[in-house]
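Welcome, and thanks for taking a look at this one with us. Below is a short tour, from the whole chain down to a handful of individual residues.

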Amino acid sequence: MTLTLREEDLVTAGLIEPARLDEIRRVAEQFSVAVTEEMAALIDPGDDRDPIAAQFVPSAAELAVAGEELADPIGDRHWSPVPGIVHRHPDRVLLKPTLLCPVYCRFCFRREAVGKAPAMLEPAALESAYDYIRRRPEIWEVIVTGGDPFVLAPRRITAIVRALDQVPHLGVIRFHTRVPVVDAGRVTPRLVAALVAEKAVWVVVHANHPRELTPAMKAAVTRLIRAGIPVLSQTVLLRGVNDDGAVLEALFRGLVAMRVKPYYLHHADLARGTAHFRTGIAAGQRLVRSLRGRVSGLCQPTYVLDIPRGYGKVPLAASAAAPDPVSGGWIVEDGDGGRHAYPPDPDDAKDDGAGF
Ligand code: SF4
């Protein structure tokens, strides 16, 4: 387990110039600050555009709040029927046993809540959350999130998994975590054993840049996979961090090569003080289209937007097919931007036998 660096430690570690400490303290009055030593070690202090530093080291840009930004961008509070539960879709709920994280990502969509009191769901509230799930047979999947549930002691994770494993109508228990990336040593054999259940337990890791795919992260993920736990990933599209085709390609190839399937590429949410991280949707669509021609389907997550105020996720990638008003068929675009009639014109035989 690594230590966590906070405001003053960031100066001592050479990640923030002493002259910036006041500005950082003003950010920290509003939003939690922490970076693990593991992530700090990846930062090049001489690079003022370092993509790891951008994710974890606070900046004065966070003090600028854009008009469209929201304190609760995807409507967690509105969709929370009891403490610790978010129930946005009939067949699944979020369960948030803790609001603590090993790091505090500067773009986090829950930045108004993470790291703040009450950091833990009280035992009685956790029991009420289980009751809420038990009484609703339409709930098929529980997504254990937070905060980061992997900061909990293995005995607490065991208790959560056991409680959920005993709910007959549940099919899947899914954990969302950044721990295997930012604090890989926490993925101990005891933590892995805590996740083993009769029901399917899935883990979704959050990784945004290929430099996060360290040997320690690979070892942590391998421990999970060898225990029979499928691992997916989610990535947030972030300006100055990964809004580049080659960076995303390296990230997704790296994940797949360690048996992690890229699941979602999130358009950054409208969290307060995060405008400097957001790309436009058109730029995101261009990036995703460029990936289509460069990497196999295994390396292509779904590019999604969480509609503000909690109306759910929708795919954002532009369709490769458009109606062709002339033929009544379709025009489809390949990964290199070439356009083709679908179905092909039967009189145009030049493509036949093109190596398929
Ligand atoms: S680890 Fe997840 S929940 Fe915690 S700050 Fe980062 S994005 Fe937010």
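## Briefing on the chain

Among contacts in the protein chain between residues at least 6 apart in sequence, 76% link residues at least 24 apart. Please keep in mind that this is a predicted model. The chain's secondary structure amounts to 11 helices and 14 strands.

**Overall build**

- A compact globule of 356 residues would have a radius of gyration near 21 Å, and the 22 Å of the protein chain agrees with that.
- Along the principal axes, the C-alpha atoms fill a box of roughly 70 × 55 × 40 Å.
- Buried residues make up 48% of the 356 in the protein chain.
- The accessible surface is about 16800 Å², and carbon and sulfur atoms account for 55% of it.
- The chain carries 42 positive and 44 negative charges, whose mean positions lie 5 Å apart.

**A buried charge: Asp269**

- You will find Asp269 in the loop between β9 (261-267) and α11 (281-294).
- Asp269 is buried but has no salt bridge; the nearest side chain of opposite charge belongs to Lys313, 7.9 Å away.
- Leaving aside residues up to four places away in sequence, Asp269 touches Pro73, Ile74, Phe109, Thr274, Arg278 and Asp306.

**A buried strand residue: Val172**

- Val172 belongs to strand β6, which covers residues 172-177.
- Its relative accessibility is 8%, so Val172 counts as buried, the cut-off being under 20%.
- Val172 and Lys199 are 27 residues apart along the chain, yet 6.2 Å separates their C-alpha atoms.
- Beyond residues up to four places away in sequence, the contacts of Val172 are Trp140, Glu141, Val142, Ala200 and Trp202.

**Backbone points to check**

- As background, most peptide bonds are trans, and most residues other than glycine have a negative phi.
- The peptide bond from Ala117 to Pro118 is cis, with omega near -5°; Pro118 sits in the loop between β4 (92-95) and α5 (123-134).
- Tyr342 and Pro343 are also joined by a cis peptide bond, with omega about -5°, and Pro343 falls in the segment after β14 (339-342).
- Arg259, though not a glycine, has a positive phi of about 70°. Arg259 lies in the loop between α10 (245-257) and β9, and its relative accessible area of 59% makes it exposed.
- Arg309 is not a glycine either, and has a positive phi of about 75°. Arg309 is in the loop between β10 (302-306) and β11 (313-315) and is exposed, with a relative accessible area of 52%.

Note on methods: Residues are numbered from 1 along each chain as its sequence is written. This is a predicted model: local features need pLDDT of at least 70, side-chain atom pairs count only at pLDDT 80 or more; totals for chains, interfaces and linings use all residues. Side-chain values use heavy atoms; hydrogens and water are left out. Helices (H or I, at least four residues) and strands (E, at least two) are DSSP runs, numbered from the N terminus. The radius of gyration is taken over C-alpha atoms; the globule rule is 2.2 Å times the number of residues to the power 0.38. Buried means under 20% relative accessible area, exposed over 50%, partly exposed in between (1.4 Å probe, protein chains only). Contact means heavy atoms within 4.5 Å. Accessible areas come from the Shrake-Rupley method with a 1.4 Å probe; for residues, only the protein chains shown count as cover. Lys and Arg count as positive and Asp and Glu as negative; His and the chain ends are not counted. The place of a charge is taken as NZ of Lys, CZ of Arg, CG of Asp or CD of Glu. A salt bridge is a side-chain nitrogen of Lys or Arg within 4 Å of a carboxyl oxygen of Asp or Glu.
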